[in-house]
Structure formats: structure tokens, C-alpha cells
Amino acid sequence: MAESIAFYTLAAFILGFAIMVVTTKDTVHSVLFLVLDFLFVAALYVLLGAQFLAAIQILVYAGGIVVLYLFVVMLVNLKRPPEAHQDPHRMTRLGFGMAAAVLLELGAIAGYGSATTATRPPLAATAAIPVSGNTEQVGWLMYTSYLIPFEIASMLLLVAMIGAIVLAKREL
């Protein structure tokens, strides 16, 4: 009973702060409400027993992403009227075509996945993970079963970081 009360209280705060994020007029206040929203989501993760996700929520979202939002809000002059500029080189038809192709591919993948699920034999039981804690289980799975996707994600982040450095150097 106490867990239900805590859950519904946290959910009410999360919903309330999310509404405050989109309805407030001041952008700095909106970002601060977003920080509070992220912190209450982290508290919800703790309530659900996912301490690792709560720590990542606080470090990545409430820490890094919101600081980035604050820098953007502080550096961009929001009082200025929008510019009436249209790019003559914009390729909207190509963009719509690419978006339609991606949506068709996602539909084909979903259709193929649902068609093969019915004919697939049941999976064998997996071996038990030799660790006991939540964080240890995440680490064990990340560096054993999901090592290749983890490495691919790290390489994509490295390429994005190098690209950002090259673009920033070019403007100076």
C-alpha cells in the first residue's frame, strides 16, 4: 500500500512538473522545472529498484542535458523576431522521399518480425548471470551479450565528437 501511494505521488509530481515545463512563459523556469521532473523520474526508478538507471538519469539528464539546455537558453537571444529567410537549396521533396523510405523500411521490419515470431521455435533457457546486484547485472550484460552494440555506440559517439570538433575549428 505504501509503494502504491509513493508511486502515485511521484507520478503526480512528474506530470505536474511536465505540465509546468510546457506552460511556463520563462524559458529558464521551464528548464528548472525540467530538472525537477528528471529528479522525480530518478526517484521513481529508485522506487522500482533500478538504482543504476536512477544514477544515470541524474548524471546524464538532470546534469548534462539540462546544463546544455541552459547554455542554449542563455546564449540565444529569444527576444529577437524570427528571420524571414528561406534557403533556395532546400530539397523538401528529397527529404519527404527519404522519410517515406525510412517509414516503409520500419513497416517492413515490423511486419517481418511479427510474421516470423509465430513460426519461431521457443528459445532455450539462458544461463544465469553470475552476479547479484542491479548494477553488476547491467555491467555483465553490457560487456558479454551486448558488447558489439556497445562498441558500435561508442564509435558513433567518437565520430560525432570528432565531427563537432572539426566543425567548430572551421568556424574560427
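Which helix holds Gln57? Gln57 sits in helix 3, residues 51-75. Helices here are DSSP runs (H or I, at least four residues), strands likewise (E, at least two), and both are numbered from the N terminus. The model is predicted, so local features need pLDDT of at least 70, side-chain atom pairs count only at pLDDT 80 or more, and totals for chains, interfaces and linings use all residues. Residues are numbered from 1 along each chain as its sequence is written, and side-chain values use heavy atoms, with hydrogens and water left out.

Start with the overall plan. The chain has six helices and zero strands. Read from the N terminus, the order of elements is α-α-α-α-α-α. Of the 172 residues in the chain, 13% are buried. Buried means under 20% relative accessible area, exposed means over 50%, and partly exposed lies in between (1.4 Å probe, protein chains only). The chain exposes about 14,100 Å², and carbon and sulfur atoms supply 72% of that area. Accessible areas come from the Shrake-Rupley method with a 1.4 Å probe; for residues, only the protein chains shown count as cover. Now take contacts, meaning heavy atoms within 4.5 Å. Among contacts between residues at least 6 apart in sequence, 52% join residues at least 24 apart.

Back to Gln57. Its relative accessibility is 7%, so Gln57 counts as buried. What does Gln57 contact, leaving aside neighbours within four places in sequence? The partners are Phe38, Val41, Ala42, Tyr45 and Ala62.

Two of those names, Phe38 and Ala62, return in the largest nonpolar core. A nonpolar core is a set of buried Ala, Val, Leu, Ile, Met, Phe, Trp, Tyr and Cys residues joined through side-chain atoms within 4.5 Å. Helix 2 gives the most, with five residues.

Look next at the rings. Rings of Phe, Tyr and Trp (its six-membered ring) pair if their centres lie within 6.5 Å; planes under 30 degrees apart count as stacked, over 60 as edge-to-face and the rest as tilted. The whole structure holds seven aromatic pairs. One of them is Phe17 with Phe33, a stacked pair at 6.1 Å centre to centre with 25° between the planes. This pair links distant parts of the chain: Phe17 is in helix 1, Phe33 is in helix 2, and they are 16 residues apart. Are these two residues buried or exposed? Phe17 is buried, because its relative accessible area is 16%. Phe33 is buried as well, at 19%.

Phe38 and Tyr61 form another pair, this one tilted, with 5.5 Å centre to centre and 50° between the planes. It too links distant parts of the chain: Phe38 in helix 2 and Tyr61 in helix 3, 23 residues apart. Phe38 is buried, with a relative accessible area of 16%. Tyr61 has 38%, so Tyr61 is partly exposed. Elsewhere, Phe13, Phe17, Phe33 and Phe40 form one aromatic cluster.

Phe33 touches Phe17, Met20, Val21 and Thr24, not counting residues up to four places away in sequence. Ser30, also in helix 2, contacts Val21 and Thr24 once neighbours within four places are left aside. Ser30 counts as buried because its relative accessibility is 15%. On helix 1 lies Ile14. Its relative accessible area is 17%, so Ile14 is buried. Beyond residues up to four places away in sequence, Ile14 touches Asp37, Phe40, Val41 and Leu44. From Ile14 to Phe38 the distance is 8.0 Å, C-alpha to C-alpha, across 24 residues of sequence.

Val67, Leu68, Tyr69, Phe71, Val72, Leu75 and Val76 make a nonpolar patch of about 690 Å². Patches are made of residues with over 30% relative accessible area and no salt bridge: like charges are joined within 9 Å, nonpolar side chains (Val, Leu, Ile, Met, Phe, Trp, Tyr) within 5 Å. A salt bridge is a side-chain nitrogen of Lys or Arg within 4 Å of a carboxyl oxygen of Asp or Glu. Val72 belongs to helix 3. At 45% relative accessible area, Val72 is partly exposed.
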